[in-house]
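I opened this model to look at two things.

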Amino acid sequence: MNVRQPNTFRSGPDERGHFGIFGGRFVAETLMPLILDLEKAYAEAKADPEFKREMDGYLTHYVGRPSPLYFAERMTEYCRKASTGGAGAKIYFKREELNHTGAHKVNNVLGQIMLARRMGKTRIIAETGAGMHGVATATLCARFGLPCIVYMGAVDIERQQQNVFRMQMLGAEVRPVTSGSKTLKDAMNDALRDWVTNVADTFYCIGTVAGPHPYPMMVRDFQCVIGNETREQMQQAEGRLPDSLVACIGGGSNAMGLFHPFLDDAGVEIFGVEAAGHGLTGLHAASIAGGRPGVLHGNRTYLLMDDDGQIAEAHSISAGLDYPGIGPEHSWLHEIKRVQYLSATDDEALHAFQLCSKLEGIIPALEPAHAIAKVLELAPQKPKDHLMVVNVSGRGDKDLASVAQHLGKKA
Amino acid sequence: MSTRIDARFAKLHQEGRAGLVTFLTAGDPDYAASVAIVKALPGAGADVIELGMPFTDPMADGPSVQAAGLRALAAGQTMVKTLALVREFRAGDDATPIVLMGYYNPIYIYGVTRFLADAKAAGVDGLIVVDLPPEEDDELCIPALKAGLNFIRLATPTTDDKRLPAVLANTSGFVYYVSIAGITGAAAPDAGKVASAVARIKRHTALPVAVGFGVRTPEQARAIAQISDAVVVGSALVDAIGISLDQAGKATTGTLAAVTGLVSALAAGIRGARREAAE
């Protein structure tokens with residue numbers, strides 16, 4: 001392997017927002033001063049103990065943190081039965097689905113809304129795919145009395161009706177996006193168009209570790225609470241660090257939040273799971289497995305596209321993974337080989353969705369069902385004393401209607 | 001380095017009038033129709049031609065330019081064809097500057113070095129790449145200047161005096177002042193605010209200042225022409241194409257005339273401006 005390894009994997013990005021060749025600030029001039037303001041405001045907030053104290057208070061009393069690290073005993077047994085020679089890792093779930101609003105998204109939104117308030121911004125916009133980021137943003141806007149506009153692809157509105165109604169109940173305006181492929185990437189385009197138009201009062205609350213610098217860094221920092229808690233909780237449960245981490249990846253914020261605090265622990269194997277849709281030779285959303293580096297939405301990263309640089313439409317059964325890109329830090333971690341990126345198909349995710357529900361009494365969202373699908377493959381290959389953590393990043397209530405439809409079609 | 005853009009603005013200065021910069025998306029509604037339209041632009045009164053390089057995700061564009069890009073892509077437009085279109089135009093017109101405008105990804109995927117060489121050879125004079133601010137100058141701006149192409153930067157209402165020098169540092173040809181904070185084809189600009197913004201930019205640079213975003217009518221063009229060196233019109237022209245198409249989205253016998261008619265009216269409005277101001 002001729003990839004040069006840095007002394008630490010946790011020092012990025014550089015001052016221009018680059019992780020290796022990835023990241024950067026590829027935005028229109030109108031937005032550039034706003035992004036520089038945001039970078040400055042975030043740096044000040046990060047250095048302010050009062051900001052952290054206030055945030056910790058809301059994380060405890062409003063979000064409900066820490067989320068449990070749960071030993072998934074029956075799934076562990078299931079995987080041990082599937083292994084040859086009685087092997088099989090001990091599987092732990094990081095229970096992000098127990099957070100208020102039902103997913104990890106709220107960790108980041110809380111940080112950004114507190115920052116927006118600090119910056120004196122009075123109007124919040126967001127994009128959403130599955131609706132979980134939209135719901136989290138609508139929730140915190142309700143909590144702090146801020147007007148909230150959520151851009152959501154018309155196709156996603158169709159398959160995530162329940163979340164649309166939740167956002168409306170919370171007082172947010174959901175604006176259907178009918179441009180392009182009518183999914184998450186187009187929602188992000190329209191949110192950026194809104195931001196360019198309403199520069200004075202508006203804060204753009206991005207839902208994942210993508211977009212122009214400082215978003216990938218800032219969202220990562222807010223999500224690192226997942227990995228930081230996991231370190232402590234595993235120490236308490238087993239007296240040592242885990243041996244492997246598994247998380248699903250659309251943009252990659254739940255994965256980055258779990259992975260980042262462990263990047264410098266050489267003994268910890270890390271697996272990201274992209275959505276392989278109908279399979280990597282068909283329609284899918286696996287940017288690393290099936291894409292190449294390009295520039296979209298403010299950053300350079302792996303993207304799905306054609307030979308002319310036109311962005312391709314992603315496909316996944318999970319609306320939250322249905323994005324043709326991935327956060328730039330993931331692209332970098334892939335190139336330097338610190339994280340292994342795998343993929344799970346729609347069918348594998350559906351199987352894991354049902355299995356997890358029946359074995360553990362936990363209905364995962366379709367997004368982490370992709371991660372669980374790979375746990376079912378990885379865990380049986382590991383020894384019995386191997387500690388594996390999978391991030392159950394959201395709960396599956398929102399997916400029940402579409403899962404029922406898929407299963408009905410198959411029956 | 002003096003380019004067709006420099007020569008054209010020098011000529012406009014001599015004539016004592018502002019220029020008309022027309023924007024159309026290359027390959028809209030299809031390649032053949034687009035070639036015919038672009039070739040007719042100078043005769044109708046366009047002084048500088050901007051050609052949009054279609055992209056699936058045009059984040060700074062409004063519905064009109066988005067639709068034009070999708071029409072061009074659906075008809076099979078590619079970067080190779082956009083450069084071919086420029087070559088065809090250049091064979092019959094060696095004076096009218098052509099500026100390619102768009103987003104970075106199609107250029108990045110084509111390959112920066114190859115793109116600059118092919119664009120220069122085809123007869124392209126300048127580039128406007130919306131998602132390359134000065135912070136990313138190493139990507140394309142510096143190589144483009146070395147290749148002899150103008151790199152035209154957008155200055156916006158959010159570009160304050162502190163930031164202007166950085167925005168202007170590697171800009172050449174002209175400065176494109178975006179008259180509103182917003183997307184293309186949205187609100188109409190306020191001429192009073194634009195006048196003070198242009199004056200502000202001119203305190204920092206000797207380059208000509210073109211003003212665009214939201215200019216649709218000959219009357220608006222005349223008003224902007226009185227306070228700037230050139231007026232950019234895009235969405236209104238793109239809409240003229242859109243409206244002229246048949247139900248299948250194909251060009252009709254009225255398509256060419258719809259564009260040239262509007263360009264002539266805009267040019268007349270602009271040519272009237274300085275005379276009005278001078279009298």
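I took buried area as the accessible area (1.4 Å probe) that two parts lose on being put together, summed over both. This is a predicted model, so I kept its limits: local features need pLDDT of at least 70, side-chain atom pairs count only at pLDDT 80 or more, and totals for chains, interfaces and linings use all residues. Residues are numbered from 1 along each chain as its sequence is written, and side-chain values use heavy atoms, without hydrogens and water.

**Interface**

I looked up the area first. Chain A and chain B bury about 3,000 Å² between them, and 52% of that lies on carbon and sulfur atoms. For contact (heavy atoms within 4.5 Å), I noted 37 residues from chain A and 36 residues from chain B.

Next I checked salt bridges (a side-chain nitrogen of Lys or Arg within 4 Å of a carboxyl oxygen of Asp or Glu). The rule finds four across the interface of chain A and chain B. One of them pairs Arg16(A) with Asp138(B); their closest N and O atoms are 3.6 Å apart.

Which element gives the most to the side of chain A that touches chain B? I found H8(A), with seven residues. Helices here are DSSP runs (H or I, at least four residues), numbered from the N terminus.

**Helix H13**

I then turned to H13(A), residues 328-335. Just after H13(A), I noted a positive phi of about 65 degrees at Lys337(A).

Definitions and conventions: Chains lettered and ligands numbered in written order. Buried < 20%, exposed > 50% of the residue type's maximum accessible area, 1.4 Å probe, protein only. Helix = DSSP H or I, 4+ residues; strand = E, 2+ residues; numbered from the N terminus.
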